[in-house]
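Hi,

Here's the structure I promised to pass on. Have a look at it first, and then read my notes below.

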Amino acid sequence: MNRAKIALVGTGRMGAIRAKLMYGNPRIDLCGIVDVNPTSAEKLANTYDTKPFGSLKEAIEHGNGKEPLNGIVICTPTFTHDAVMREAAEHGLYIFTEKPIEETADKIKDLFDVCHRHGAKLCCGFQRRFDLTYKAVADAVRANKIGKPLSASIFFADHPCPPIEFLLTGGDIFMDLSAHDVDFIRYALNDDVESVYATGSSSTEELKTAGVYDNATMILTFKKGTIVTLTMSRSASYGYDQRCEIFGTEGLACVNNEFADSSIISSVGGIQLSRLKHSFPERFDAAFAKELDLFADCILENVDWPILQKDCIATQKIADAARKSAQTNEVVRVFY
């Protein structure tokens, strides 16, 4: 079997998730783990029987003999993406990256331009599109099975709550939490956002003093008239809460929560269900695997990646508009 030769860049939480899935995928040859922290690189490389590297240059040079790299999977912080992508693009590698590609729409466009110039393919992961339930809902809406979409309600509450240190320094809630749902609803509605109104709140005095929201709501008005409300929270005490309802003139399409198990205990005291799945690795494990399957298809069979440059830029512009709206308490128009 022909296998895609891919190196993993980054050994954090997403890096560990991707490494496990890449190692278990029969169509991927995990050719190395790259991290500036040699201890972290060596530890993850030893777990999955591959080689540690301190830089992407080392990984590329090691593979330039009999088995050159085909691509990389980037799981490093956003501020590091630019340098890694440029280096990979110069060698014509296929690039898969976690969202967002960069911190602004202009920087995202620039990196796509760099990849195009070098014949490299840039693939950004928006995992909702690869989840079976989300895909079924999007397919139904796009096929007009609920008629004309009139409104949608999306609720996303993370679990467990990140440490306070992350909340204080880990980025804006609109940038960090909204991207996957914004990309999904744009795709499902096959439409672009015309304007955004957003607001937020801080659940503790420490966050309020620092000007950090850990709860926020975005109201998206789409060009065809659909109104979408996206509510986000950094923490749900009861598990990973991820729901979506799209209401149309002829029906309703829903994404419901998934539970840790499917048990239902009924007694005179009531009906008891399992807890929700613990967090995003459990909820979207199959979607993460499908992303890597398609990335291998891109390399081995020249299949097109479904998430385009315009999608990545639009999602970033909507997040930018939400942040501006929350700061000014005004509706912000989105220009593409």
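Let's start with two helices: the crossing of H4 and H5 is right-handed, a label used when the near helix is turned clockwise from the far one by less than a right angle. Keep in mind that this is a predicted model, where local features need pLDDT of at least 70 and side-chain atom pairs count only at pLDDT 80 or more, while totals for chains, interfaces and linings use all residues. Residues are numbered from 1 along each chain as its sequence is written, and side-chain values use heavy atoms, leaving out hydrogens and water.

H4 covers residues 81–90 and H5 covers residues 105–118, and they pack at about 15 degrees with their axes 8 Å apart. That makes H4 and H5 roughly parallel (angles under 35 degrees). On the H4 side, Asp82, Met85, Arg86, Ala89 and Glu90 meet Asp110, Leu111, Val114, Cys115 and His118 of H5 (contact means heavy atoms within 4.5 Å). Sorted by type, the residues of this contact are five nonpolar, one polar and four charged.

Now for Ser233, which sits in strand S10 (residues 227–233). Is Ser233 buried or exposed? Ser233 counts as buried because its relative accessibility is 9% (buried means under 20%, with a 1.4 Å probe and protein chains only). Its side chain makes a polar contact with the side chain of Asn215 at 2.7 Å (a pair of N or O atoms within 3.5 Å, one able to donate a hydrogen and the other to accept it). A polar atom of the Ser233 side chain also lies 3.2 Å from the backbone oxygen of Ser235.

Cheers

Note on methods:
Axes are lines fitted to C-alpha atoms, for helices over the stretch in contact, and angles run from 0 to 180 degrees between N-to-C directions. Helices (H or I, at least four residues) and strands (E, at least two) are DSSP runs, numbered from the N terminus. Angles under 35 degrees count as roughly parallel, over 145 as roughly antiparallel, 65 to 115 as roughly perpendicular and the rest as oblique. Ala, Val, Leu, Ile, Met, Phe, Trp, Tyr, Cys and Pro count as nonpolar, Asp, Glu, Lys and Arg as charged, and the others, Gly among them, as polar. Buried means under 20% relative accessible area, exposed over 50%, partly exposed in between (1.4 Å probe, protein chains only).
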